[in-house]
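Welcome, and please open your viewer. We will go from stop to stop, selecting a few residues each time and seeing what is there.

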Amino acid sequence: VGTARAVGLRVDWWVDERRDPVRATEAAVRMLSSLHDSFGSFFLSAAAYNGGEGRVSRGLAQFAARMEGVEGEDRFFALSDTRYLRPETRDYIPKIIAAALVAKQPDRYGMRVDSLPAFAYDSVMVPGGTPLAAVADAIPTPVDSIGYLNPQLLGGMVPPGDSMWVRVPSGTAGDFASRFATLDSTTVAAVRRVKSKKGESMVSIARRNKMTSKQLGWYNPKAARLKSGNLVA
């Protein structure tokens, strides 16, 4: 989580951009670029990406005399030969090289590559607190297609608060605002708020609303409780 946030990704109860193929790829490129600036080697950068920048830095310092005169990408293999890196990281770079070679010439290795369609989409601005089902209704499209394009939205809704760009299928964004405006108010409300009373608990409120206390807790991660376990009124 710390690494993701350090490279600009949002990771909280509502949104986890590590799941977002676009934002996560952009963040990975930024991180690898920064590591390359530090190590001057793509292989060492990838090793640091996998096993940690500190570990690679300490290994280079510890075996500096042994690696004297070794340049470029050979520095990774020289460090790998010391057995200082974890086996997973030592194997990581050869696997990347092998994957790249096969991807460039699959026929040479007796493989067939079926490419996936491009991750194509349009984007629409959606008010905070809107369920993805309402976005799907305004397109219209199955809600699963909205979820597929927005895997970073964890609660099935746009986080409460500010409006947010939400991905929709290509070619469907044109009249979204006008169609969204015609939806019934109950359709565009993902949650409703209730005020807790003295003596109430997550269990009692959940039962009254035909939920489990665990489900209610998902939407109220910071609910204040008394020592008795009941909610603060």
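A salt bridge here is a side-chain nitrogen of Lys or Arg within 4 Å of a carboxyl oxygen of Asp or Glu. Before we use that, a word on what you are looking at. This is a predicted model, in which local features need pLDDT of at least 70 and side-chain atom pairs count only at pLDDT 80 or more, while totals for chains, interfaces and linings use all residues. Residues are numbered from 1 along each chain as its sequence is written, and side-chain values use heavy atoms, with hydrogens and water left out.

**Stop 1: salt bridges**

Select Arg 112 and Asp 114, whose side chains meet in a salt bridge with 3.1 Å from N to O. Both residues are exposed; exposed means over 50% relative accessible area, buried under 20%, and partly exposed in between, using a 1.4 Å probe and protein chains only. Side chains of opposite charge can pair when their charged atoms come close.

Next, pick Arg 10 and Asp 12. Their closest N and O atoms are 2.6 Å apart, in another salt bridge. Arg 10 is partly exposed at 33% relative accessible area, and Asp 12 is partly exposed at 30%.

Now jump to Glu 200 and Arg 208, which also form a salt bridge (3.1 Å, N to O). Is Glu 200 buried or exposed? Glu 200 counts as buried, because its relative accessibility is 12%. Arg 208, in contrast, is exposed at 51%.

Finally, select Glu 17, Arg 23 and Glu 26 together to see a network of salt bridges. A search of the whole structure finds seven salt bridges.

**Stop 2**

Colour helix H5 (residues 74-81) and helix H6 (87-104). Helices (H or I, at least four residues) and strands (E, at least two) are DSSP runs, numbered from the N terminus. H5 and H6 pack at an angle of about 145°, with their axes 10 Å apart. The axes are lines fitted to C-alpha atoms, for helices over the stretch in contact, and angles run from 0 to 180 degrees between N-to-C directions.

Which residues of H5 meet H6? Show Phe 76, Phe 77 and Ser 80 in H5: they meet Thr 89, Arg 90, Ile 93, Pro 94 and Ile 97 in H6. Contact means heavy atoms within 4.5 Å.

Stay with Ser 80, which is buried because its relative accessible area is 11%. Leaving aside neighbours within four places in sequence, Ser 80 is in contact with Leu 85 and Arg 90. The buried residues of H5 are Phe 76, Ala 78, Leu 79 and Ser 80, and their cover includes helix H3 (42-51), helix H4 (53-62) and H6. Following H5 you come to Arg 83, whose phi is positive, near 65°.

**Stop 3**

Select Gln 105 in the loop between H6 and S1. Gln 105 is partly exposed, at 42% relative accessible area.

Met 111 is partly exposed, at 43%. Show Met 111 with Leu 101 and Tyr 109, and you have a nonpolar patch on the surface, with about 280 Å² of accessible area together.

Technical notes
Patches are made of residues with over 30% relative accessible area and no salt bridge: like charges are joined within 9 Å, nonpolar side chains (Val, Leu, Ile, Met, Phe, Trp, Tyr) within 5 Å. Accessible areas come from the Shrake-Rupley method with a 1.4 Å probe; for residues, only the protein chains shown count as cover.
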